[in-house]
2 protein chains.
Amino acid sequence: MSTITRNKSSKPRLTVKDLARDLGMSVSTVSRAFHAEAVIAHDTRDLVLKRAREIGYTPNPFARSLITKRTRIVGVVVADITNPFYPEVLTRLTRALRDIDMNVMLVAADRSGEIDEALRLLLNYQPDLAIILAATLPSEAAQECRKAGTPVIFFNRLSADGHAFGVSCDNVLGGRSIADFLIDSGHRHLAYIAALPDASTNVARQGGFRERAVERGLATPPVIEAGQFSYHAGYQAAQKLRDLDRMPDGVFCANDILAVGFLDGVRRELGLGVPEDISIVGFDDIEMAHWPSHGLTTVQQPIEQMLEATISLAKDLAANSSQEPIVQLIPPGAVIERATTRRRLYDQDA
Amino acid sequence: MSTITRNKSSKPRLTVKDLARDLGMSVSTVSRAFHAEAVIAHDTRDLVLKRAREIGYTPNPFARSLITKRTRIVGVVVADITNPFYPEVLTRLTRALRDIDMNVMLVAADRSGEIDEALRLLLNYQPDLAIILAATLPSEAAQECRKAGTPVIFFNRLSADGHAFGVSCDNVLGGRSIADFLIDSGHRHLAYIAALPDASTNVARQGGFRERAVERGLATPPVIEAGQFSYHAGYQAAQKLRDLDRMPDGVFCANDILAVGFLDGVRRELGLGVPEDISIVGFDDIEMAHWPSHGLTTVQQPIEQMLEATISLAKDLAANSSQEPIVQLIPPGAVIERATTRRRLYDQDA
DNA sequence: CTGAAAGCGCTTACAG
DNA sequence: CTGAAAGCGCTTACAG
């Protein structure tokens with residue numbers, strides 16, 4: 001019928017000019033209607049906004065940010081996608097940011113080398129903010145962002161240098177609560193299954209846990225290095241239980257996915273009963289933790305509050321980008337007792 | 001020391017003008033150096049590119065796309081994040097797109113209502129392409145994109161109307177292979193555990209499986225409606241096994257995460273042995289499928305090839321956006337035999 | 001409170 | 001092959 005047109009050009013997008021002409025106003029006035037702070041008659045704004053909705057006009061964000069220097073884009077960097085905690089955080093974060101009109105540009109990386117190029121590409125888009133959602137990522141990524149003038153929030157992780165913002169669970173406190181929980185329920189021989197040695201979450205949980213055990217009068221809990229936050233690392237770590245001087249009765253694994261692997265390893269490779277022979281506690285409370293086959297005792301991450309803190313930080317940074325970097329530590333939830341732990345009675349004092 | 005400056009403005013980004021001045025060339029020439037198709041002396045281009053790298057200039061993508069009408073942004077819509085298949089696809093897809101210089105803008109949704117607003121926001125950015133990574137999403141989302149002139153690719157899913165592009169595993173064939181596999185290994189009483197009733201993946205797998213069973217001379221396998229692609233749906237579906245006229249000896253679950261739940265349910269709630277009493281097969285081959293505690297027999301999704309097809313489609317669409325929508329069906333991998341199935345011998349012909 | 005004008009950082013016909 | 005100029009779709013001082 002009609003002549004063949006390029007797909008893209010078939011429906012030229014409406015511009016301010018179109019809307020201005022349609023309303024018999026100037027382009028300036030129309031533009032002002034879309035900015036809350038702009039001075040414009042209340043009625044005029046209503047008129048413009050109404051008509052815009054009718055004809056389907058919406059300002060071109062590219063043209064806009066060319067002038068405002070703000071993009072409403074937040075770059076999110078993820079790795080560790082094997083840990084189910086992150087997909088969940090990612091989607092919830094994306095939704096929360098959407099609610100304040102921010103869009104997520106995603107960067108995914110496996111290896112640390114890969115991240116660099118990806119990050120550079122991302123920074124071209126001048127995101128208003130970068131959020132790092134990966135326990136394992138080198139902090140150089142953050143420096144890269146800072147050089148580009150993009151503030152960085154580390155989520156569920158502390159930055160090595162103190163130059164970035166952070167929102168994290170108080171993992172030291174989390175580790176301490178788990179020590180208390182295990183000791184209160186009669187465990188006397190604790191151990192810690194460590195994940196990535198230099199991940200701040202791992203370090204803090206390990207530190208809090210062992211410190212508290214000693215405070216409560218136990219021997220310093222030995223550490224088994226699993227090396228990763230993963231099922232397979234946990235599964236294999238179970239084998240190393242044999243190398244310990246004494247079989248522990250209560251084990252804290254650096255996070256849930258590690259704990260699930262450890263749990264399976266203990267049962268299948270060591271033939272031990274959980275919780276009969278040994279209690280296992282994780283950290284995160286991922287969905288899998290309450291699957292009937294696991295019933296993992298764990299500590300809930302305060303995701304909702306961590307998300308809130310992140311969003312409010314994002315807003316602040318939008319308003320005033322030259323803030324002093326601060327780290328917000330949010331207390332973890334209580335220990336959720338499920339089927340991988342049980343009370344033990346050795347002697348009267350238990 | 002120095003006067004306080006706004007963070008953002010502290011390092012004004014270099015522009016073409018800066019680079020042009022630095023090189024004593026015109027802005028036009030410098031600009032041309034960054035476009036492969038532009039006519040420019042070979043030496044000039046090298047000079048420009050080299051200097052750009054040195055001083056750290058990179059073209060502003062916003063200004064660029066204001067003119068080119070191409071954004072190098074692909075909007076990715078995800079839901080079903082409980083299915084571990086999707087996070088994996090998402091990260092791999094993001095990396096693959098990055099390799100062709102495309103950036104992912106993410107839209108996450110739970111409910112179908114939520115998606116609409118999110119999509120609108122996304123479409124403001126005029127993505128060159130939208131990819132829908134969700135089994136459950138209503139096709140209206142696709143229409144929305146089309147209205148905005150953005151081509152849509154459905155990944156691992158067919159669109160209801162034939163107006164979108166699609167890259168999917170040949171799920172009918174997958175269902176058929178599983179029927180063959182079970183029958184060949186001696187199973188005679190099959191059943192299908194269905195997930196979302198109107199997800200194309202579910203429908204195709206179910207259709208292929210049952211059709212093939214009949215072709216091979218078995219009774220039409222009964223269907224248990226689990227309703228969702230999730231662990232919990234699978235777990236609960238196990239209970240419904242009792243309602244069947246006859247206990248099946250071989251069960252195909254719509255996907256892996258459903259199968260894992262079903263497996264646990266069968267073992268824990270029904271007290272049946274897997275594979276002794278009943279064989280279970282999944283679909284996807286997610287990482288969890290080869291965890292020792294599951295050892296799920298399943299069919300591998302040809303993710304690598306699906307990704308390749310998607311990327312090549314993305315390139316084609318970039319070059320010529322008015323193509324006829326086509327759906328690419330990629331044959332699934334072979335059945336991977338693990339610990340949830342075993343050979344059965346009823347009589348001589350098995 | 002509104003409008004005309006300049007300009008954000010690019011690309012791309014148009015001349016030369 | 002290169003440069004001067006117009007223009008992409010906006011926002012924002014500057015007048016009025």
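Which helices of chain A and chain B each supply at least two residues of the surface near DNA strand C? That was my opening question for this predicted model. I found α3 and α5 of chain A, together with α3 and α5 of chain B.

**Entry 1: DNA strand C**

I counted 26 residues around DNA strand C. The closest are Ser26(A), Ser28(A), Val16(B), Ser31(B) and Ala63(B). Sorting the surface by class, I got 14 nonpolar, ten polar and two charged residues.

**Entry 2: DNA strand D**

I moved on to the other strand. DNA strand D is surrounded by 26 residues, and I wrote down Ser31(A), Asn60(A), Ala63(A), Ser26(B) and Ser28(B) as the closest. Helices α3 (27-33) and α5 (61-68) of chain A, and α3 (27-33) and α5 (61-68) of chain B, each bring at least two residues to this surface. Here α5(A) gives the most, with five residues.

**Entry 3: where the chains meet**

How many residues of chain A are in contact with chain B? I get 43 from chain A, touching 43 of chain B. On the chain A side, the elements with at least two residues each are α1 (7-10), α5, α6 (85-99), β2 (103-108), α7 (112-124), α11 (231-239) and α12 (256-268). The largest share is six residues, and it comes from α6(A). I also sorted that side by class: 20 nonpolar, 13 polar and ten charged.

β2(A) pairs with β2 (residues 103-108) of chain B in the antiparallel sense, over three bridges. In that pairing, Met105(A) stands opposite Met105(B).

**Entry 4: domains of chain A**

The domain assignment of chain A gives me three pieces: domain 1 (7-59), domain 2 (71-170 + 303-330) and domain 3 (171-300). I looked up the spacing of two of them, and the C-alpha centres of domain 2 and domain 3 of chain A lie 28 Å apart. Their contact takes 13 residues from domain 2 of chain A and 16 residues from domain 3 of chain A. On the domain 2 side I noted five nonpolar, five polar and three charged residues.

**Entry 5: the nonpolar core**

I searched for the largest nonpolar core and found 188 residues in it. Those with the most contacts inside it are Val77(A), Ile132(A), Val77(B) and Ile132(B). I picked Ile132(B) to follow up. Leaving out neighbours within four places in sequence, Ile132(B) is in contact with Val77(B), Leu137(B), Ala141(B), Ala142(B), Val152(B), Phe154(B), Phe155(B) and Arg157(B).

**Entry 6: strand β5 of chain B**

Is strand β5 (residues 165-169) of chain B largely enclosed or exposed? Five of its five residues are buried, so I put it down as largely enclosed by the rest of the structure. In a regular strand, side chains alternate between the two faces of the sheet, and I checked each side in turn. Phe165(B), Val167(B) and Cys169(B) are buried on one side, and Gly166(B) and Ser168(B) are buried on the other.

Then I looked for the partners of β5(B). Strand β4 (residues 152-155) of chain B pairs with β5(B) in the parallel sense over three bridges, and Phe154(B) has Gly166(B) as its bridge partner. Strand β11 (residues 327-330) of chain B also runs parallel to β5(B), joined by four bridges. There, Cys169(B) stands opposite Ile330(B).

I looked up Gln239(A), which lies in helix α11 of chain A. It has 13 C-beta neighbours inside 10 Å, so Gln239(A) counts as partly exposed. Glu269(A) is 30 residues from Gln239(A) along the chain, yet their C-alpha atoms are separated by 7.0 Å. Beyond four places in sequence, Gln239(A) is in contact with Gly265(A) and Glu269(A).

My last stop was Ile336(A), in strand β12 (residues 335-336) of chain A. Ile336(A) counts as partly exposed because it has 15 C-beta neighbours inside 10 Å. Phe283(A) sits 53 residues from Ile336(A) in sequence and 9.8 Å away in space, C-alpha to C-alpha. Not counting residues up to four places away, Ile336(A) touches Asp285(A), Thr297(A), Thr298(A) and Gln300(A).

Technical notes:
Residues are numbered from 1 along each chain as its sequence is written. Chains are lettered from A and ligands numbered from 1 in the order in which they are written. This is a predicted model: local features need pLDDT of at least 70, side-chain atom pairs count only at pLDDT 80 or more; totals for chains, interfaces and linings use all residues. A residue is near a molecule or strand if its C-beta atom, placed from the backbone, lies within 6 Å of it. Domain bounds come from an automatic or database domain assignment. Two residues are in contact if their C-beta atoms, placed from the backbone, lie within 7 Å. Ala, Val, Leu, Ile, Met, Phe, Trp, Tyr, Cys and Pro count as nonpolar, Asp, Glu, Lys and Arg as charged, and the others, Gly among them, as polar. Two strands pair if DSSP finds at least two bridges between them. A nonpolar core is a set of buried Ala, Val, Leu, Ile, Met, Phe, Trp, Tyr and Cys residues joined through C-beta atoms within 7 Å. A residue is buried if 20 or more other C-beta atoms lie within 10 Å of its own, exposed if 12 or fewer, and partly exposed in between; C-beta atoms are placed from the backbone.
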